[in-house]
Amino acid sequence: MSDYSLTHLEELEAEAIYIIREVFAQFDNPAILFSGGKDSIVVAHLARKAFWPAKIPFPLVHIDTGHNFPETMEFRDNLIKEMGANLIVGSVQQSIDEGAVIEETGMNASRNALQTTTLLDTIEFNNFDACMGGARRDEEKARAKERFFSHRDDFGQWDPKNQRPELWNLFNGKKRMGEHFRVFPISNWTEMDVWQYILQENIAIPELYFAKERNVIWRNGSWLPVSEFITLKDTDEPQIKMVRFRTLGDITITGGQESDANTLEKIIQEVASSRQTERGNREDDKRSESSMEDRKRQGYF
Amino acid sequence: MENNFDTQGYLDMELLRFTTAGSVDDGKSTLIGRLLYDSKSIFEDQVQQVEQSSKKKGLEHVDLSLFTDGLKDEREQGITIDVAYRYFATPKRKFIIADTPGHVQYTRNMVTGASTANLALILVDARNGVIEQTKRHTFIASLLQIPHIFVCINKMDLVDYSQLAYDKVVKEYTDFAAKLSVKDVRFVPMSALHGDNVVSRGDKMSWYEGGTLLHNLETVHISSDHNLRDCRFPVQTVIRPHSDQYHDFRGYAGRVAGGIFKKGDSVVALPSGLESRIDAIHTMTGELEEAFPPQSVTITLEHDIDISRGDVLVRSENRPEGQQDLDVMLCWLNAKPPRPRAKYVIKHTTAEARAMITDIQYKMDINTLHRIQGDKAIKMNDIARVKLRSTKPLFADYYTVNRVTGSIILVDEATNETVAAGMVR
């Protein structure tokens, strides 16, 4: 390699920082959608690098399903404090209480789909015109067609057939009143890139990503954590297992896998040899072949 | 994938972005599926999904093309409607594929995918040789200045792996491409369906002495694809921390678009023409001695001069000219044709102005490469040489010299859509 070339992580970082700065420059009131998962942690880290030595000029928005891992909440609050950023919470519980959405019931009930309403309400209430998220194109086939600057109409909907062409590094953030953009600075990163970057940059992540003995039940091919939000069947046998989580979503739908990866290096080894996709343990994606696409069209993350 | 993953090796890899073009039946999706599958970039749950779908369709083998299957409409109609991005890595490199459909009406997608690519894969059916679409794809790749073109001569299994058939296509292609400015063209005979010469050689084409497609992708030299000569730093935004520690800090944030900027260099801000010297090049992890494309950095200057978004820092002895009249090769991307005398927003690096198409010199027949004179009606997917008049001078370079500072887009103010992409001549 010549002296004037970047490694792929450096190139991806430079691209993401460029995009985050474009968001700041092109929009009036942008925000970062922050789930407490590793991808949004990386986006927050990149935002910090983009504006250093100034503080990040965006609030972090958390759409709180109320069904969280307690560790994620603690992590979120610490990070906000450390970055000196603003936190805005959109509460799914509040959407339920106000009657805006109706909660699912039954064995595999989840608040995942309800988040869309709360998210769109939070965007509207706060007048956000651009929301940055940690979605990556390698995650899922509907995401593979997503733009960096993804236009949403005034109902927050995504129209995959009518996306703006995105050429070179010229991003068009123009919009009408009431419309907004979702922006995905780490679109081009893969799961492996994210892990390598976390290791390289020494970024703190919630300990749920590391293997630890946890109280879990076996359901639909993965280890679901036992929590107050999950309905146990008579046949469910809670047990203690060495488990880690590859993605962090709502506690009711995020399945863990047996693992002894308790360091970043071991996680990277595990990801490298994994034969299952990252979202393979996400119940929200298993509902139908196009479940992500359908949710995205409606305005999901 | 091997068990002992080489962490350090991974950190040292380069990134190669390539685009794929082929007509509907050239086996493009199968080729991409083959690359992903044979390089073990596909996960078991994806394989299971595709096996199930293949069975549902009544196929005996696993249909590799289903790995690149996208949205509902596409699955139902068996077509690709948009650019899709795919990712894979080998121990040598990381790859981003911009997978663009090849139908006639999708020039805009191909242009989009090509705009960020270092390399284009152009698929040719060995039975049909160079056809109109091959010419169109090659023309677009050369127009967008993609430095490397790999011609994948596919379906060799259907011509008995014949060297004669291969040589014939190579000759046809070489004759045609001589008319275009393409720097690096390579040919690989292959059968994506059976896997010959994609990731592994196979034993059917011993007469072929070149490497497999993957080997070529892993070894092609790409680090000189950026312009390291002409210093260009378009300013994205100004960073002012307003904190006690950085009270007087005034940094210009941007991504180096060309050349190498060094600490202490004398620079000029355009359009003002004010001169200063680089005081420091900042990143959160420490100062840099120099910055080069495509790094994102923050530059502070010795003098407090007025610089804002849309300005560009250059070296005093190498300045782009501010132009209000631009000579542009324009690709029209929108279903609505340009309105006569309409003003569009023009975006060039971080600068923005308004512009009008003042003259349409000719349209390109992208199948024959002939100039069509006298036809001034630009439609979607047309490529035309036009003159643009901008409300303020833009400091553009020739696209052939710098793809970042030589490109523009036009945005329709009525719809906010990106309606055209242009390359400055």
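The model is predicted: local features need pLDDT of at least 70, side-chain atom pairs count only at pLDDT 80 or more, and totals for chains, interfaces and linings use all residues. Residues are numbered from 1 along each chain as its sequence is written, chains are lettered from A and ligands numbered from 1 in the order in which they are written, and side-chain values use heavy atoms, with hydrogens and water left out.

Start where the chains meet. Chain B brings 90 residues to the contact and chain A brings 75 residues. Contact here means heavy atoms within 4.5 Å. The size of an interface is often given as the accessible area lost when the parts come together. Between chain B and chain A, about 7,400 Å² is buried. Carbon and sulfur atoms give 56% of that area. Buried area is the accessible area (1.4 Å probe) that two parts lose on being put together, summed over both.

Which polar links cross this interface? There are 24 residue pairs in polar contact between chain B and chain A, both residues at pLDDT 80 or more. A polar contact is a pair of N or O atoms within 3.5 Å; within protein, one must be able to donate a hydrogen and the other to accept it, and residues adjacent in sequence count only if both atoms are side-chain atoms. On the side of chain B that touches chain A, helix 3 (residues 44–56) of chain B gives the most, with five residues. Helices (H or I, at least four residues) and strands (E, at least two) are DSSP runs, numbered from the N terminus.

Five salt bridges also join chain B and chain A. A salt bridge is a side-chain nitrogen of Lys or Arg within 4 Å of a carboxyl oxygen of Asp or Glu. Take Arg309(B) and Glu22(A): their side chains meet in a salt bridge at 2.9 Å, N to O.

Charges also sit over rings. For this, NZ of Lys or CZ of Arg must be within 6 Å of the ring centre and within 35 degrees of the ring normal. Arg137(A) has its charged end over the ring of Tyr85(B), 3.9 Å from the centre. Arg255(B) lies over the face of Tyr18(A), 5.6 Å from the ring centre.

Now turn to the rings themselves. A pair of aromatic rings is described by the distance of the centres and the angle of the planes. Rings of Phe, Tyr and Trp (its six-membered ring) pair if their centres lie within 6.5 Å; planes under 30 degrees apart count as stacked, over 60 as edge-to-face and the rest as tilted. Over all chains, the whole structure has 25 aromatic pairs. Tyr18(A) and Phe171(A) have ring centres 6.2 Å apart and planes at 50°, so this pair is tilted. The pair links distant parts of the chain, 153 residues apart. Tyr18(A) is in helix 1 (residues 8–26) of chain A, and Phe171(A) is in the loop between strand 5 (149–152) and strand 6 (180–183) of chain A. Both Tyr18(A) and Phe171(A) are buried. Buried means under 20% relative accessible area, exposed over 50%, and partly exposed in between (1.4 Å probe, protein chains only).

Helix 1 of chain A also holds Phe24(A), whose partner Phe51(A) lies in helix 2 (residues 38–51) of chain A, 27 residues apart. Phe24(A) is partly exposed at 30% relative accessible area. Phe51(A), at 2%, counts as buried. Ring pairs also link a cluster, and Tyr18(A), Phe27(A) and Phe148(A) are among its members.

How many salt bridges does the structure hold over all chains? There are 51. One joins Asp39(A) and Arg136(A), with the closest N and O atoms 2.9 Å apart. Asp39(A) lies in helix 2 of chain A and Arg136(A) in the loop between strand 4 (130–132) and strand 5 of chain A, so the pair ties together parts 97 residues apart in sequence. Asp39(A) and Arg136(A) are both buried.

Asp38(B) and Arg34(B) form a salt bridge, with the closest N and O atoms 3.2 Å apart. Both lie in helix 2 (residues 28–38) of chain B, four residues apart, about one turn of the helix. Asp38(B) is partly exposed at 23% relative accessibility, whereas Arg34(B) is buried at 12%.
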